[in-house]
Amino acid sequence: MADRAPRDKILKLNVGGVFYTTAKSTLTCVYGSYLWKIATGDLYVMRDEKGSLFIDRDGYVFRYILNFLRTNRLIVPQGFKELHMLKEEAKFFGLEDLSSQVDKVIKSRNRKPRPRLSRRLSRSWGSDLTKISTDENGSVIFEDEGSDFFYD
């Protein structure tokens, strides 16, 4: 019996000089986006000399856009420094979900880290300290046997 499942079309893209090969279904997974319009023929784009669809955008960042379309998740390496560029590209391509996920990462990276407790305690506190813990607000509590609590 012949396989009657519809065959997905393979598309070749030249994005800013970086070449990608993907399935038409990947580009059409976000209805109405720039990539959906290109893949469905609703928007004309030039072709390069090899016949690839040419998109005059940042080819390096497009990798993360394509992976987002494949997984519906933003996946970037730790320390990725092109988040603002990725957000601009997401807006250009009409990918609001990606844009909001990038915003969340940008906001989480802009938070100031909490000061950490030094591993070395002052000698003036001596060895009377028996417990170091945190309360429900995250404040550091130092306890010793001879006095009340000390809060940082």
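The protein chain has five helices and six strands; helices (H or I, at least four residues) and strands (E, at least two) are DSSP runs, numbered from the N terminus. The model is a predicted one, so local features need pLDDT of at least 70 and side-chain atom pairs count only at pLDDT 80 or more, while totals for chains, interfaces and linings use all residues. Residues are numbered from 1 along each chain as its sequence is written, and side-chain values use heavy atoms, with hydrogens and water left out. Read along the sequence, the pattern goes β-β-α-α-β-α-α-α-β-β-β. Of the 152 residues, 30% count as buried, that is, under 20% relative accessible area, with exposed meaning over 50% and partly exposed in between (1.4 Å probe, protein chains only).

Now to helix H4, which covers residues 83-93. Its buried residues are Leu83, Leu86, Lys87, Glu89, Ala90 and Phe93. They sit on the same side of H4, because they cover an arc of only 165° around the axis; the arc is that of the directions from the helix axis to the C-beta atoms. This buried set packs against helix H2 (34-40), E3, H3 and H5, where contact means heavy atoms within 4.5 Å. Just after H4 comes Gly94, with a positive phi of about 75°.

How do H3 and H4 pack? Their axes are 10 Å apart, at an angle of about 65°. Axes here are lines fitted to C-alpha atoms, for helices over the stretch in contact, and angles run from 0 to 180 degrees between N-to-C directions. On the H3 side, Val61, Phe62, Tyr64 and Ile65 take part, and they meet Met85, Leu86, Glu89, Ala90 and Phe93 in H4. Sorted by type, the residues of this contact come out as eight nonpolar, no polar and one charged. For that sorting, Ala, Val, Leu, Ile, Met, Phe, Trp, Tyr, Cys and Pro count as nonpolar, Asp, Glu, Lys and Arg as charged, and the others, Gly among them, as polar.

Next come the charged pairs. Side chains of opposite charge can pair when their charged atoms come close. A salt bridge is taken as a side-chain nitrogen of Lys or Arg within 4 Å of a carboxyl oxygen of Asp or Glu, and by this rule there are three salt bridges. One of them joins Glu89 and Arg57, at 2.7 Å from N to O. Glu89 lies in H4 and Arg57 in the loop between strand E3 (53-55) and helix H3 (59-71), so this pair ties together parts that are 32 residues apart in sequence. Glu89 is buried at 4% relative accessible area, whereas Arg57 is partly exposed at 25%.

Another salt bridge brings Lys87 and Asp103 together, at 3.1 Å from N to O. This pair also links distant parts of the chain, with Lys87 in H4 and Asp103 in helix H5 (residues 96-110), 16 residues apart. Lys87 is buried, with a relative accessible area of 17%, while Asp103 is partly exposed at 25%.

What about Lys91 and Glu88? Their closest N and O atoms are 3.4 Å apart, which makes a salt bridge. Both belong to H4, and being three residues apart they are separated by about one helical turn. An α-helix has 3.6 residues a turn, so residues three or four places apart point the same way. Lys91 is partly exposed at 41% relative accessibility, and Glu88 is partly exposed too, at 43%.
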